[in-house]
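Welcome! Here is a short tour of one protein model, taken a topic at a time.

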Amino acid sequence: LDQTTLDIIMDLFHTHIHEIQLQDAQPLWDSIINHINEERQKTPHEKRNRYSLTGELSYHSEDNLVALDTDWSKQLRSLCYKATYDFAQFTQTPILKEDEVFINCWSMTMGRGAYSIQHSHPGAIYSGVFWLQVPEDMPKDQGQFVVVDPRQGARLSMYHPEGFDVAPTPSHGLVFNSWVEHLVQPHFCDGERISISWNVVF
């Protein structure tokens with residue numbers, strides 16, 4: 001039989017991760033960090049809501065950071081929405097207007113040895129993270145945000161890495177579909193990593 005070769009490659013199963021680098025965000029980060037530290041002082045360690053976060057030198061805030069009656073909270077909500085909107089536009093996926101979506105947002109503070117186990121954000125549509133603070137002396141191979149390869153079969157192959165590592169830097173952010181599994185590795189130097197994460201639902 002004659003065989004016709006089609007010079008076509010089907011590029012299937014995309015996983016889009018949107019990277020962002022903010023400029024002049026430090027005043028907003030300072031306001032958020034002040035709030036986080038105040039709330040942390042009020043909450044006994046054994047009563048903190050931990051979710052995926054592990055480590056004695058860690059803190060997980062409430063998920064209401066964009067719902068507070070402060071200027072910085074309103075600014076943060078608009079920032080999270082804008083980052084999510086840009087991701088949706090690029091991936092040509094649905095997104096409603098800002099006043100038509102629900103956003104919950106929380107912070108994670110990680111000291112020496114703290115980490116976040118592999119997880120996703122079920123029930124949400126889009127998720128994201130911004131890093132507010134990173135220890136200056138943290139080695140590049142520590143504290144990585146790891147995007148796990150969603151293809152389980154590929155993770156078992158010796159020719160494919162299990163995930164993609166992102167080194168956290170201040171004002172750097174990521175947006176992704178909420179089903180994407182991810183984890184955060186520990187660091188072992190002094191100082192704290194502080195990040196905020198969010199979900200968008202509609």
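Predicted model: local features only at pLDDT ≥ 70, side-chain atom pairs only at ≥ 80, totals over all residues.

Residues are numbered from 1 along each chain as its sequence is written, and side-chain values use heavy atoms, with hydrogens and water left out.

**Residue N104**

- Let us start with N104, which sits in strand β4, residues 102-110; strands (E, at least two residues) are DSSP runs numbered from the N terminus.
- N104 is buried, at a relative accessible area of 13%; buried means under 20%, exposed over 50% and partly exposed in between, with a 1.4 Å probe and protein chains only.
- The side chains of N104 and D63 are joined by a polar contact of 3.3 Å. Such a contact is a pair of N or O atoms within 3.5 Å; within protein, one must be able to donate a hydrogen and the other to accept it, and residues adjacent in sequence count only if both atoms are side-chain atoms.
- Not counting residues up to four places away in sequence, N104 touches D63, S197, W198 and N199, where contact means heavy atoms within 4.5 Å.

**Residue F145**

- Is F145 buried or exposed? F145 is buried, with a relative accessible area of 5%, and belongs to strand β7, residues 145-148.
- Leaving aside neighbours within four places in sequence, F145 is in contact with several residues, among them V129, W131, F164, L174 and H182.
- F145 and T169 are 24 residues apart along the chain, and their C-alpha atoms are separated by 11 Å.

**Aromatic rings**

- How many aromatic pairs does the structure hold? There are seven; rings of Phe, Tyr and Trp (its six-membered ring) pair if their centres lie within 6.5 Å, and planes under 30 degrees apart count as stacked, over 60 as edge-to-face and the rest as tilted.
- Y126 and F202 make a tilted pair, at 6.4 Å centre to centre and 40° between the planes.
- Y126 lies in strand β6 (126-133) and F202 in the segment after β11 (193-201), so this pair ties together parts that are 76 residues apart in sequence.
- Y126 is buried at 1% relative accessibility, whereas F202 is partly exposed at 36%.
- W29, F130 and W198 form one aromatic cluster.

**Pockets**

- A pocket is found on a 1 Å grid over the protein atoms alone, as an open set of points where a 1.4 Å probe fits, with protein on both sides within 12 Å along at least five of seven lines; lining residues have an atom within 4 Å of a point.
- The largest pocket holds about 380 Å³ of space, and 26 residues line it, with H60, W106, M108, H119 and H121 nearest its centre.
- β11 gives the most to the lining of the largest pocket, five residues.
- The lining of the largest pocket has 11 nonpolar, 13 polar and two charged residues. Ala, Val, Leu, Ile, Met, Phe, Trp, Tyr, Cys and Pro count as nonpolar, Asp, Glu, Lys and Arg as charged, and the others, Gly among them, as polar.
- The second largest pocket has about 300 Å³ of space; of the 15 residues lining it, T15, V147, D149, P150 and F164 are the closest to its centre.

Note on methods. Helix = DSSP H or I, 4+ residues; strand = E, 2+ residues; numbered from the N terminus. Points joined across faces, edges and corners; volume = space filled by probe spheres on them.
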